[in-house]
Amino acid sequence: MTRSTFVYVTYIRTTPEKLWTALTDAEFMKQYWFGMHGESEWTAGSPWSLVSSEGQIFDAGAIVESDPPRRLVIRWQHQNKPELKAEGDSLCTMEMEASGPAVKLSITHTIERSPSKLIEAVSGGWPKVISNLKSLLETGTTALQEPYPAESAHAVNE
Amino acid sequence: MAEPIDDTDLLFKALADPSRRKLLDLLHAEDGRTLNDLCEHLDMSRQGVTQHLDLLEAAHLVATVRSGREKLHYLNPVPLQAIYERWIAKFEKPRLKALSKLKRRLEQTDD
């Protein structure tokens, strides 16, 4: 079976516990995810959604695996754009691993089809989100404060 | 203890070689490739390609994932985003501002 995957890795000078909080706490997420935040109990089986600052649900699914502060797997379906929603479920895996004074964060996003518009769309947004997350945890401020990148799946322009 | 090499130094060093940039372009065109696959597109020994990939991995430009007996290579654009923010965006801003000022002035032709 063909699949589309991207793997993004970054090293953040923080602790796995702080990184886990940054990835799951709604108020913290809004600071680096351009106003978006995740809503979930963050335990295996619980529903999950990614919500804009206006309360619109852009992505929804469920937590597949939750092992704080090491591993989080989310079943992820886009909701906003019909052509992306039609591609169905994708799987987003976040892994945190202590590495010296830093934590290695690996984000793998996979869908069982190729090519995938969803993977193409989210792969554009992730580097900006991760980069913002890194600078927020390391310096206390984000580098990019602009509204959500226009080319991403979450742009509110349609 | 030796001073650790700065991430940015590793990054620019990794980008300073045409073969390594070609490897990044190959991964950009199609992600998740094996060493064998990448070797087919480069006119150099397997060992040479391995060394280039190791350097790219050390600079975090390439991430690898084990899939059974194979090692798959993925382009990791996160450090490039960091370069963009650190070295490009800040120079771009004043110019974009100047450009929009110019546009406004040119469009106000009646005064």
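How much area is buried between chain B and chain A, and what percentage of it do carbon and sulfur atoms give? The buried area is about 1,100 Å², and carbon and sulfur atoms give 64% of it. The model is predicted. Its scores are ipTM 0.71 and pTM 0.80.

**Confidence**

- Chain B has a mean pLDDT of 87.
- In chain B, 93% of the residues reach a pLDDT of 70 or more.
- Where pLDDT is low, predicted coordinates should not be read in detail.

**The interface between chain B and chain A**

- On the chain B side, 12 residues make contact, and they meet 13 residues of chain A.
- Three residues of chain B stand out: B:Val78, B:Gln81 and B:Glu85 supply 42% of the area that chain B buries against chain A.
- One residue pair is in polar contact across chain B and chain A, with both residues at pLDDT 80 or more.
- Three elements of chain B each give at least two residues to the side that touches chain A: β1 (62-67), β2 (70-75) and α5 (78-107).
- Of these, α5(B) gives the largest share, with four residues.
- By type, the chain B side that touches chain A has seven nonpolar residues, three polar and two charged.

**The fold of chain A**

- Chain A has four helices and seven strands.
- Along the sequence, the elements of chain A run β-α-α-β-β-β-β-α-β-β-α.
- Chain A holds 158 residues, and 54% of them are buried.
- Take the contacts in chain A with a separation of 6 or more: 50% of them join residues 24 or more positions apart.

**A buried threonine in chain A**

- A:Thr108 sits in strand β7, which spans residues 102-111 of chain A.
- Is A:Thr108 buried or exposed? Its relative accessible area is 18%, so A:Thr108 counts as buried, the cut-off being under 20%.
- Beyond its neighbours within four places in sequence, A:Thr108 is in contact with A:Thr5, A:Phe6 and A:Val7, and also with A:Leu91, A:Cys92 and A:Thr93.

**Cis peptide bonds in chain A**

- The bond from A:Pro68 to A:Pro69 is cis, and its omega is near -5°.
- A:Pro69 belongs to the loop that links β4 (57-67) and β5 (71-78) of chain A.
- The bond from A:Ser114 to A:Pro115 is also cis. Its omega is near 0°.
- A:Pro115 falls in the loop between β7 and α4 (117-139) of chain A.

- A:Phe34 is a residue other than glycine, yet its phi is positive, near 50°.
- Where is A:Phe34 placed? A:Phe34 is in the loop between α2 (26-32) and β2 (37-40) of chain A.
- A:Phe34 has a relative accessible area of 15%, which means that A:Phe34 is buried.
- In chain B, B:His60 has a positive phi near 65°, and B:His60 is not a glycine either.
- B:His60 lies in the loop between α4 (46-58) and β1 of chain B.
- B:His60 is buried because its relative accessible area, 18%, is under 20%.

Technical notes:
Residues are numbered from 1 along each chain as its sequence is written. Chains are lettered from A and ligands numbered from 1 in the order in which they are written. This is a predicted model: local features need pLDDT of at least 70, side-chain atom pairs count only at pLDDT 80 or more; totals for chains, interfaces and linings use all residues. Side-chain values use heavy atoms; hydrogens and water are left out. Contact means heavy atoms within 4.5 Å. Buried area is the accessible area (1.4 Å probe) that two parts lose on being put together, summed over both. A polar contact is a pair of N or O atoms within 3.5 Å; within protein, one must be able to donate a hydrogen and the other to accept it, and residues adjacent in sequence count only if both atoms are side-chain atoms. Ala, Val, Leu, Ile, Met, Phe, Trp, Tyr, Cys and Pro count as nonpolar, Asp, Glu, Lys and Arg as charged, and the others, Gly among them, as polar. Buried means under 20% relative accessible area, exposed over 50%, partly exposed in between (1.4 Å probe, protein chains only). pLDDT is the predictor's confidence in each residue, from 0 to 100.
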